[in-house]
Amino acid sequence: QIYYNATLYNQTPIASTNFDRLEASAKLLLPATAYNYAAGGAGLEKTVAANREAFDLWRIIPQVMHDVSPQRNLSTSLFGRRLPAPVVMAPVGVQTLFHPTGERATAKVFGEMGLPYTLSTATSTGFADVAKANGNNPRWYQLYWPSDDDLTRSYLRSAKQNGYEVLVVTVDTWDLGWRTRDLDQGFFPFIRGIGVQIGLEDACAHEKLGFNPLAPNATAEQQQMAALYHVITTSRGISPVWRNLTKLRDWWGDRPIVLKGIQSVVDAVKAVEYGMDGIIISNHGGRQIDGAIGSLEALPAIVEAVKGKITIGFDGGIRSGADIFKVIALGADFVQLGRPILWGLALQGEKGVRHVLKSLLAEFDLTVGLSGCHELGDVNSTLLKAR
Ligand code: FNR
């Protein structure tokens, strides 16, 4: 469509189809604090770089003259849902930092495309509003697992009531990484997001603060205090432990549970032993441990150990359709998109998100076809060569 419009109507694309260029445009537009919060990582940002470098370690070996045209079949089944492609929105907090429409816009566009949307615990829009924007489409809830059981249960209750089907438990961010850009700019996004941040009401009820920080008459100090309570009582500083997964299972019931932030084969095997339904191989976009391995480096060994026993998701550094191809060829069942979606959101709200998502899907589809594959089952590691 983009080629067609350019040729026939002399229309250039509304935003770049190259996500490095898209990021450069978003950087010009966004406040420096928001841009640095999203683009940055832990420490010297070696792991942010490693996530990209890991993709360069693999090259695609295309095969030709297969009967793959005109339309490929990229569909797959994930947690009982048939999806048009193995692509999911990664949980990303406080999206109104990037555009006033925030989570509503991203949830709407992923819904339109029939692809799962993951709502973050650190959202700047509530469960119900996001569900409304998302419509009757698959949506997941990402939990920063509070150390307070009542609070955890209240999150899970709200998620269930609002139709979130899969619980994604982020296990790598029980304390924030050493994020040098945010430290240098004195920026703490969760406090910026207060007032609209869900869970505050619950947090305050549990902490018996005696006020509702979301009420119209709540003072700025009350909101600030609530946000601090929220942050302290939710996920900061206390690591979740494996044995407590049985509690989450009791509370969430038989709906799927996925652990996000797995990098070690040992942990992937444990996730199977603990009866989890899925894992997401992720280093949080390089935002937690500087010097951690690139996400794609972790994939092959984990696939070898647990493929077929548990659903395997992946995120970290995906910037093109060819990247998605490599992840699927190496054996992941689905990928999650992070920063590129945010750049689209920042530049043009809903329209920008649609542009990024459609561009990535189109390039993935082309890569599948031009490599000689017709469907996802054809995309395997015989089409890759390690450098
Ligand atoms: C994140 N990520 C994240 N993960 C999570 O489990 N809960 C969250 O609230 C957030 N918030 C968040 C904010 C921002 C601004 C970024 C960039 C990332 C991590 C996210 O889900 C995913 O793991 C990474 O974004 C993947 O890396 P790339 O593809 O963005 O480089």
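## Terms and model

Helix axes are here lines fitted to C-alpha atoms over the stretch in contact, and the angles between them run from 0 to 180 degrees between N-to-C directions. Helices (H or I, at least four residues) and strands (E, at least two) are DSSP runs numbered from the N terminus. The model is predicted, with local features requiring pLDDT of at least 70 and side-chain atom pairs counted only at pLDDT 80 or more, whereas totals for chains, interfaces and linings use all residues. Residue numbers start from 1 along each chain as its sequence is written.

## The chain as a whole

The protein chain comprises 16 helices and 12 strands. Of its 387 residues, 49% count as buried, a residue being buried if 20 or more other C-beta atoms lie within 10 Å of its own, exposed if 12 or fewer, and partly exposed in between, with C-beta atoms placed from the backbone. Among contacts with a separation of 6 or more, 72% are accounted for by residues 24 or more positions apart, where two residues are in contact if their C-beta atoms, placed from the backbone, lie within 7 Å.

## Helix α5 and its packing against α6

Helix α5 (residues 102–112) and helix α6 (residues 127–134) have axes that come within 7 Å and cross at roughly 35°. On the α5 side the contact is made by Glu-103, Arg-104, Ala-107, Lys-108 and Gly-111, and on the α6 side by Asp-129, Val-130, Ala-133 and Asn-134. This contact has 3 nonpolar, 2 polar and 4 charged residues, with Ala, Val, Leu, Ile, Met, Phe, Trp, Tyr, Cys and Pro counted as nonpolar, Asp, Glu, Lys and Arg as charged, and the others, Gly among them, as polar.

Helix α5 is mostly covered, with 10 of its 11 residues buried; among them are Gly-102, Thr-106, Val-109 and Phe-110. The cover over these buried residues includes β4 (87–89), β5 (117–119), α6 and α16 (339–370). Just after α5, Gly-114 takes a positive phi of about 70°.

## Helices α4 and α14

The axes of helix α4 (residues 46–56) and helix α14 (residues 295–306) come within 6 Å and cross at roughly 60°. α4 is therefore oblique to α14, since angles under 35 degrees count as roughly parallel, over 145 as roughly antiparallel, 65 to 115 as roughly perpendicular and the rest as oblique. Asn-51, Ala-54 and Phe-55 of α4 meet Ser-295, Leu-296 and Glu-297 of α14 in this contact, whose residues divide into 3 nonpolar, 2 polar and 1 charged.

## Backbone features in the loops

The loop between β1 (58–60) and β2 (76–78) holds Pro-70, which is joined to Ser-69 by a cis peptide bond with omega of about 0°. Met-65 is also found in the loop between β1 and β2, and has a positive phi of about 60° although it is not a glycine. Met-65 counts as exposed because it has 6 C-beta neighbours inside 10 Å.

In the loop between β4 and α5 lies Val-94, a residue other than glycine whose phi is positive, near 30°. Val-94 counts as buried because it has 24 C-beta neighbours inside 10 Å.

## Surroundings of the ligand

The ligand is surrounded by 21 residues, of which the closest are Ala-90, Gly-93, Ser-120, Gly-285 and Gly-338; a residue is near a molecule or strand if its C-beta atom, placed from the backbone, lies within 6 Å of it. By class, the shell around the ligand has 7 nonpolar, 11 polar and 3 charged residues.
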